[in-house]
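I opened the notebook for this one and wanted a plain record of what I looked up.

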Protein chains: 2
Amino acid sequence: MTRISDVAKHAGVSVATVSRVLVGQGSVSEATRERVLASVKALDYHPDLAARRLRSGKTDTLGLIVSDIRNPYFTEVSRAIEDVAYARGMRVLLCNADEDPAKERFYLDMMRDENVAGVILSPTLSLLNQYRAEDFSFPLVLVDRCDAKTEADAVVLDNIDAAQRLTRHLLERNCRRIAFFYGAASATGSQRLAGYQAALAEAGLSAITQPVKPTTDDARQALSTYLERHRQTPDAVVASSGLILLGLVEGLRQHGLRYPQDVIVAGFDDMPWTRIVTPDITVMAQPTADIGRTAIELLLARIAQPGQAMRRIVMRGELIVRGSSAA
Amino acid sequence: MTRISDVAKHAGVSVATVSRVLVGQGSVSEATRERVLASVKALDYHPDLAARRLRSGKTDTLGLIVSDIRNPYFTEVSRAIEDVAYARGMRVLLCNADEDPAKERFYLDMMRDENVAGVILSPTLSLLNQYRAEDFSFPLVLVDRCDAKTEADAVVLDNIDAAQRLTRHLLERNCRRIAFFYGAASATGSQRLAGYQAALAEAGLSAITQPVKPTTDDARQALSTYLERHRQTPDAVVASSGLILLGLVEGLRQHGLRYPQDVIVAGFDDMPWTRIVTPDITVMAQPTADIGRTAIELLLARIAQPGQAMRRIVMRGELIVRGSSAA
DNA sequence: GAAGTATTTGTAATCGATTACATTGTATGT
DNA sequence: ACATACAATGTAATCGATTACAAATACTTC
């Protein structure tokens, strides 16, 4: 391993000067600057990050804790985040909390131990409910999940509005009995539930709601159970997330129900498969790349300006009408 | 921040003793051990990882560099890897090389700088071709992609056999003109191509092959172009990966071709959507969870025993026959 | 109980950078 | 020509742990 002292010797300067060149702090003459950089290149020197971190207390690593890495929503968001980080030469420590508050706790502790510059997190409901900014020693940006009462930097969809518009669309298609399958474990799920309920209330209709675990398997089973228990099938089934939507489509298929003839189906997240099934599926699409990019930019801004006011950035969903809700 | 010296003072011992308790090296009496642990808990002490790393030169961070985080194959593999890492209290630094040798290089350099304990990598073709074990300062396990001539720890599918069996299945369905769309940029794609070709050769048939970029969009376009250029549609189209398969299905749909009536379709990777389209899709499934778990275990074994012989672990794919290749 | 060994604990060096402070050299204004 | 300010560089302290080595204590064995 070549150390900074090797570079200093090679360039005929002190270690302090080498460090100044590398860090970009302090003043160095252009001549020595070039000499040092030449030596760095000649010796293929790479600073020891642990040493640098220990002394300076700074890191250029960001943390990203998502709820489910297999959920395409999160992979697309992470992808966008990582692209920005890559462009800036920063690292991203990606972890998967699996909707488990214990894992989430573990990873947050790990972020503290790693001394990351900041963290982007899609919090469990449990964390969100007891959220206090002062519990975190690093800048934190919430993504996907945040409510109005939580004082934090956040990037979220306008869930209530999005669910309301999606539901209104189904009402326009003359659906009356609309069953809403939602992930009860997340803030997102309950906000979308509220939007759905608001739309039904406008129309003077009563709600049919079914909380599920936010997985495809659980959603499929919940639909099955529902269909078996009730004689009358609903006019429409709606999912509060892409994974749940997939479960609903699987479940309909399993029960031999065709859409849109027997029952209309729609849900959140414009996942790739929604375009290729026949008929294709009406969805409320989220701007995942935008959400990711905005989240990391918000985080970097916060790191640069720790004092600035908290910002909650609310994005609008896009309704994409397809065959599954054809008139 | 509480430091190790605070803990030492609180417990009435020296910092060395505290360190020994925490690291688990050296001998400490049970009594002091408990006293130290009590102090650690009382003060909520967490060791500074940078300092620990600097002094010991060791890390319990692993690196994982995948080719495309949006590919469900890789998310499932990462998921399995991370589960094992979590169970052992290790961190995983996940990066997305995007099939780009430059990014791959960048992230490999970063892994070196981070001083990770080891890395799991799905290499680009370019890296694989010039692979030399001595170029890496850390233990490395290849996943998904490796060839017989590369001397490295690796976990891969038996690609030739898998593609051959998938192709034979189509031959049994009386397909004669079988078009193979494969990712030319990866070792996996060309190995699967070889398997396909072997099966056709057995049957005395000529191959129809189409290299594509390993993305859904590119596959869809390639299929379109192919269909427009050739009067006669093939009996079957086969994809060398799940993302390509999705593109083929989209393309068929776009051209109004039904399967299995007009053309049979099949491919690699049992992705969730393959079960819900109608008809559902015949696939060669990969044991992704097994692959991930095996890869990290192989890596940990290598870290523990740096001297042991290189192992290439070859997994068998599972043919799942579904409606898209119905007789 | 003495000698020898094993166990437990402490002292201080060390990892490789950053950075406060001191020092030297150079330019500027009067 | 002298004082002042500022730029460029070097010396050495420092970050917070681990660990080599030394010292103290406990435990055997005869």
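Predicted model: local features only at pLDDT ≥ 70, side-chain atom pairs only at ≥ 80, totals over all residues.

Residues are numbered from 1 along each chain as its sequence is written, and chains are lettered from A and ligands numbered from 1 in the order in which they are written.

**Entry: DNA strand C**

I looked for residues near the strand (C-beta atom, placed from the backbone, within 6 Å of it). I found 29 around DNA strand C, with A:R3, A:A16, A:S19, B:A16 and B:S27 the closest. Helix 2 (15-23) and helix 4 (49-56) of chain A, plus helix 2 (15-23) and helix 4 (49-56) of chain B, each give two or more residues to this surface. My helices are DSSP runs of H or I with at least four residues, my strands runs of E with at least two, and both are numbered from the N terminus. Helix 2 of chain A gives the most, six residues. By class, the surface near DNA strand C has 14 nonpolar, nine polar and six charged residues.

**Entry: chain A against chain B**

Next I checked contacts (C-beta atoms, placed from the backbone, within 7 Å). I got 36 residues of chain A touching 36 of chain B. On chain A's side, helix 5 (72-87) is one of the elements giving two or more residues, and helix 5 of chain A has the largest share, six residues. That side of chain A splits into 15 nonpolar, seven polar and 14 charged residues.

**Entry: the sheet in chain A**

I then followed the pairing of strands (at least two DSSP bridges between them). Six strands of chain A make an open, parallel sheet in the order 2-1-3-4-5-11. Strand 2 (91-96) and strand 11 (312-315) of chain A are the edges, each pairing on one side only. Inside the sheet, I saw strand 3 (118-121) and strand 4 (140-143) of chain A pair in parallel over three bridges. A:L121 sits opposite A:L142 of strand 4 of chain A.

Terms used
Nonpolar A, V, L, I, M, F, W, Y, C, P; charged D, E, K, R; others polar. Contact = placed C-beta atoms within 7 Å.
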